[in-house]
Amino acid sequence: MTFPDEGAENRLSRRPFVTEPSTRSPSPAQKSNTAACVILAAGKGVRMKSLLPKVLHRAAGRPLVDHVVRTACGVLAEFGAHPPIVVVGNGREAVTPHLTAEFPGIRIAVQDPPRGTGDAVRVALPLLSDETKVAVLAGDAPLLRASSLERLFAALDQPERPAVAFLTAVLPDPGAYGRVIRDGSGRVVRIVEAKDATAEEKSVCEINSGIYAFEREFLSRAIPRLTTKNAQGEYYLTDVLEMAVAEGLAIEGIAVAEPSEILGVNSRKELALVDSELRRRAIDLAFSCGVTIVRPETVTIDDTVELSPDVVIGPFVSLCGKTVVGAGSQIGQGAIVIDSRLGSGVEVRPYSIVEKSVAGDGALIGPFARLREGTDLAAGVHIGNFVETKKARLGRGSKANHLTYIGDAVIGEKTNVGAGVITCNYDGYAKNVTTIGSNVFVGSDVQLVAPVAVGDGAVIGAGTTVTKDVPSDAIATSRAPQQNLEGAARSYHERKSRKKASGAKGN
């Protein structure tokens with residue numbers, strides 16, 4: 001089957017390790033200063049009230065930590081650097097295998113027991129090699145843009161050679177975020193955690209994002225000097241900034257244009273907020289790639305979905321998982337497509353469900369069709385209203401247009417499957433296969449009791465129950481012979497009328 005080119009220039013593509021195209025091309029000098037990213041993903045996430053580790057909760061189809069890792073990998077690739085280091089702790093039995101499977105080559109550091117952000121960076125430092133810049137990112141902050149991470153690394157190359165750069169934002173209600181404290185000239189002097197802040201410090205609206213870039217040599221000598229003299233009894237990474245101030249080193253606070261970019265997830269409500277923003281970005285990206293979306297406020301598109309130009313998406317559509325939609329395809333109102341590949345010019349009519357299936361160029365699906373796992377439609381196949389398929393392979397140009405179930409079946413080319421046909425694939429113990437050749441006509445209300453095979457060119461009469469193989473070019477029927485009794489209907493109606501009249505007189 002034919003699908004759009006994976007490398008098509010205008011494709012809405014989300015390949016591993018890339019989330020956002022870079023806005024600039026790094027100079028050779030910048031590439032020579034190797035960069036590293038440490039992603040903190042060891043927290044318990046108590047407010048999530050879940051057995052699932054917080055960073056594995058999904059937003060726009062991906063675990064939270066995956067968004068951060070992909071952003072980091074995309075930027076690190078510009079420097080020719082190693083994949084990021086992820087610090088795990090709580091729930092590492094689930095987090096570690098997920099990350100190593102999804103991101104081959106990723107480096108894992110274990111923080112046990114959890115003793116704060118500074119301690120998390122401490123356990124990651126031994127995994128660094130020759131990197132001279134180290135960014136520290138939050139594994140629960142999936143909205144970070146690649147361009148902002150690039151700005152952090154670039155800030156360390158300024159003439160004043162800052163030891164630290166970090167992202168800030170101004171919020172009307174800073175809540176539990178750490179406050180950025182500046183002196184009279186606007187220079188950053190420290191960051192104070194909300195739990196340790198005075199009333200005056202809490203009135204500050206500029207907050208720390210928890211996203212940093214450090215000069216490697218400074219970070220390596222600062223981390224061992226951290227103490228636990230604070231309300232939480234933990235090693236705060238923010239204390240490193242005070243050390244930089246004490247040494248007379250420059251600190252660069254970089255405000256993000258969109259405060260939502262640094263939003264972390266600590267509750268189900270915040271999870272919903274970042275999910276909404278990621279889906280909004282996915283829709284914006286779809287528009288920029290030549291996709292038409294009718295009533296986009298009603299449409300759900302996962303971050304994992306790939307779309308080609310001239311795709312048209314109707315209202316209330318959900319495109320989920322690793323779904324790929326080819327050029328010129330149309331997805332009708334209320335349709336749901338999950339983990340499926342649709343070729344070019346495919347039409348999914350309203351209120352159809354397509355899951356873990358493949359549809360070739362020009363296939364027509366629905367309305368109200370259900371394609372279950374393992375369905376594979378060749379080019380030009382028609383699956384009509386109230387038709388259900390499962391582990392079914394249909395050849396080019398075949399059709400099943402009405403009220404039919406096709407399961408565990410292989411069907412050739414240009415075969416017509418009539419209304420009410422059922423492949424009886426389950427015998428109570430095993431699933432059995434029905435094989436139907438090309439150019440076969442299967443009449444309405446036929447039951448094919450698997451395992452059974454129908455040869456090319458065969459015709460199966462309506463109402464037939466097929467329990468044995470049908471040879472090529474044969475006609476199969478299993479109906480009782482029809483009998484016509486001349487005049488019998490007249491006698492029937494007369495008897496019924498006399499009986500009815502007799503009953504009425506008796507009352």
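**Cores, a strand and a pocket**

Start at Ile 313. Leaving aside residues up to four places away in sequence, Ile 313 touches Val 291, Thr 292, Ile 293, Val 294, Val 299, Ile 301, Leu 307, Leu 319 and Ile 331. Touching means contact, with heavy atoms within 4.5 Å.

This is a predicted model: local features need pLDDT of at least 70, side-chain atom pairs count only at pLDDT 80 or more, and totals for chains, interfaces and linings use all residues. Residues are numbered from 1 along each chain as its sequence is written, and side-chain values use heavy atoms, with hydrogens and water left out.

Ile 313 belongs to the largest nonpolar core, which has 51 residues; Ile 301 and Ile 313 touch the most other members. H9, strand E28 (388-394), strand E30 (405-411) and strand E36 (452-454) each give two or more residues to this core. A second, separate core holds 39 residues, including Leu 137, Leu 144, Ile 211 and Ile 262. A nonpolar core is a set of buried Ala, Val, Leu, Ile, Met, Phe, Trp, Tyr and Cys residues joined through side-chain atoms within 4.5 Å. Buried means under 20% relative accessible area, exposed over 50%, and partly exposed in between (1.4 Å probe, protein chains only). Helices (H or I, at least four residues) and strands (E, at least two) are DSSP runs, numbered from the N terminus.

Now look at strand E1 (35-41). Seven of its seven residues are buried, so E1 is largely enclosed by the rest of the structure. In a regular strand the side chains alternate between the two faces of the sheet. On one side of E1 sit Ala 35, Cys 37, Ile 39 and Ala 41, and on the other Ala 36, Val 38 and Leu 40. What does E1 pair with over six bridges? The partner is E6, in the parallel sense. Four bridges also join E1 to strand E4 (residues 85-88), again running parallel. Two strands pair if DSSP finds at least two bridges between them. Ile 39 stands opposite Leu 137 in E6, and its bridge partner in E4 is Val 86.

E10 gives the most, with four residues.

Finally, find Glu 201 in helix H6 (residues 199-202). Glu 201 is buried, with a relative accessible area of 12%. Leaving out residues up to four places away in sequence, Glu 201 touches Arg 179, Ile 181, Arg 190, Val 192 and Asp 196.
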